[in-house]
Amino acid sequence: MRAIRIMALACSSLLATPVVAQAPAADAFIACAHDAAAQTVSLSGHDLTIEQLVLIARHGAAIALTPAARQRSADAYGLLLEAAAEGLSVYWFNRGSGSQRETTIFSGDPTSAANMPGIKARQLANFARGETGSYGPEVDHEDAIRAMMAIRANAMSYEAASPALTQMLIDMVNHDVIPVVHAQGSLGEGDLALMGDIGRAMVGKGDVHYRGVRMPAAQALQAAGLQPLEPFGADDAALVSTNAWFTANAALLVADSRNLLEWTDLATAMALLGMNSSVTPLSAPVQANRPYPWLNWDAARVLDMVRGSYLLEADPKRIIQDPESLRASTQRVGSAWAAWAAMRDSVMIAMNSSDHNPAVRPGVQPGDSWELATPQLMQFHVQGGALSHGQGGYILSDANWDPYPLSNQVEGFTIALANMGVVLAQRIERFTNPFFTVVRPGDVMTPAQAAALPYAGGYLPSDLWIELSGLINPVSPQGQPIVNTVEDLQAETRLKVARARQAVDLTTHLLAQDIVTSTNWIEVRKVQNPARNFGAAPTAALAAVRVAVPLKPGTGPGAAGMAVYGLITTTPVTRFYPGGPVAPAAAPVPVAQR
């Protein structure tokens, strides 16, 4: 993959560049700003938002479990211990995992003198080893690792984690002890290998970044005033049996791509103003004929951005119909918004629910659903006893680790983004054709004025578009029968979300080229008729672009594009356009078990 990242951005920027794994180097790790370190986000397991996750991941906010979440976690842990004491077979606890699922690890009360030492030793060995072992170059952005840890802390409140494990995960986030995580080793059916790197650091093994400085984990824990974890129960399973790496990157993708789409709407308004376009495709009667909510909203949003501009005035030189790449802009961008919304809604569920195997459900009784009272499922019913404080429940094998439908939705968004990107690439070129622009810059500008316009177009937009279009092919769904053929599905979400984040970055660079082109032509239209109004938001955005890219001879597409890319990734569109039509409502997040 050709590296598109030319400018390293801090994690606190609006758009973090894709998580690109690099070989270890002293200056390779991009630490986050801690400008929100005084804030604490409460994790209930039900209502963590993407905005809160960004505050944790990119601005250093602390985390804390709500009392209800702590109690839920404690209840699940007690049920796990009680189940083994009652003689039930529990996957990945008193029985093995994967192809060893029928292997007995121990029998009876896990807290007994006969069992406790062996369980402790086994757990410590598993943590120190790192679950299955990650591989390859290191993740170079702190935000993705912090997001993964925060999501696991939130969702682990549903799992049978020991109180010590729960607290250690929270403490590491809050003390800025960020484990070194290697980028490869996950097949997408649970990010065991990457979460295993977190586990190793918890017991003082491996390396971490402590307050941005790389050092051995044992040294960092001591400096932070933390004791190495002494895991027990099924803590290895509770920590690593999750898709938290994928979910974290998908959540950051939602945040970054929202900023991109908002800028694309504003860029579309500026492109229409630069082309002296007809706005009839955006009008309410046209949109009512095809009632797709996100497409209608996007058209109304762009139309509102050009409200009061010269495009709403009669102009005998305005052509009746623009090129398709301008006419259909809101169709493609609205469709990308729709794909974004589906992905966002799915991420919200994934962040606030359990993707762990087995499902540990304290309080569930045989009468709660008809199948629970059948002989097959009664094998997994915990009566309740001293270790669970009398509470019963069920511990059931599941497939909640399979990362669908979010896996499909991430790829669907990548495809939607590429279908939007072709609009950007094509409308840049349409500005070179007087058939659409009617005039050339030299027709209305002095030679000095025309020479001061930044150069746009040429090879660069095509190069960016070709690389973007290469990401549209989905990752092939694998079916490799591994682990004695027990594990025969691989979602490869690591690759899917990396492609999607790369697509966002490439599209942002392409959008920067589009904005350079459009703002050049707004300058042409201003000279053509100095009395023209360009609307409040586009006018404010133009002023910001001119600060980044002043009018002066000799500015090429690379320099101009990088300056605008920096503007896009550090400046919210709300600075120029704070209002607008209300977007379609987000789907309500179903509440997982309480």
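This report covers the salt bridges, pockets, cavities and some local backbone features of a predicted model.

Residues are numbered from 1 along each chain as its sequence is written, and side-chain values use heavy atoms, with hydrogens and water left out. Because the model is predicted, local features need pLDDT of at least 70 and side-chain atom pairs count only at pLDDT 80 or more, while totals for chains, interfaces and linings use all residues.

**Salt bridges**

Side chains of opposite charge can pair when their charged atoms come close. Here a salt bridge is a side-chain nitrogen of Lys or Arg within 4 Å of a carboxyl oxygen of Asp or Glu. By this rule the model has 17 salt bridges.

Helices (H or I, at least four residues) and strands (E, at least two) are DSSP runs, numbered from the N terminus. Both Arg58 and Asp256 are buried. Buried means under 20% relative accessible area, exposed means over 50%, and partly exposed lies in between (1.4 Å probe, protein chains only). Arg58 and Asp256 also belong to a network of salt bridges with Asp143 and Arg501.

Asp315 counts as buried because its relative accessibility is 19%. Arg532 is buried too, at 16%.

Arg344 is buried at 14% relative accessibility, and Asp345 is buried at 19%.

**Pocket and cavities**

On a 1 Å grid over the protein atoms alone, a cavity is a set of points where a 1.4 Å probe fits but cannot get out; a pocket is an open set with protein on both sides within 12 Å along at least five of seven lines; lining residues have an atom within 4 Å of a point. Grid points are joined across faces, edges and corners, and a volume is the space filled by probe spheres set on the points.

The second largest pocket holds about 750 Å³. Its lining has 35 residues, and Glu51, Ala255, Arg258, Glu262 and Trp340 lie nearest its centre. Helices α1 (50-59), α9 (244-275), α11 and α13 (329-351) each supply at least two lining residues. Helix α1 gives the most, with 6.

There are 7 cavities of 30 Å³ or more. The largest cavity has a volume of about 60 Å³. Its lining includes Thr268, Leu272, Asp322, Arg327 and Thr330. Two or more lining residues come from each of α9, α12 (324-327) and α13.

**Helix α6**

Helix α6 (residues 192-202) is mostly covered, with 9 of its 11 residues buried. Among them are Leu194, Met195, Asp197 and Ile198. Just after α6, Gly204 takes a positive phi of about 85°.

**Backbone features in loops**

Two peptide bonds deserve a look. The bond from Asn357 to Pro358 is cis, with omega near 5°. Pro358 lies in the loop between α13 and β8 (359-362). The bond from Tyr404 to Pro405 is also cis, with omega near 10°. Pro405 is in the loop between β10 (393-396) and α15 (406-430).

Asp176 is not a glycine, yet has a positive phi of about 60°. Asp176 lies in the loop between α5 (163-174) and β4 (177-179), and counts as buried because its relative accessibility is 9%. His389, not a glycine either, has a positive phi of about 55°. The place of His389 is the loop between β9 (381-382) and β10. At 76% relative accessibility, His389 is exposed.

Arg290 lies in the loop between α10 (284-288) and α11 (293-305). At 44%, Arg290 is partly exposed. Beyond neighbours within four places in sequence, Arg290 is in contact (heavy atoms within 4.5 Å) with Leu295, Asn296 and Gln331.
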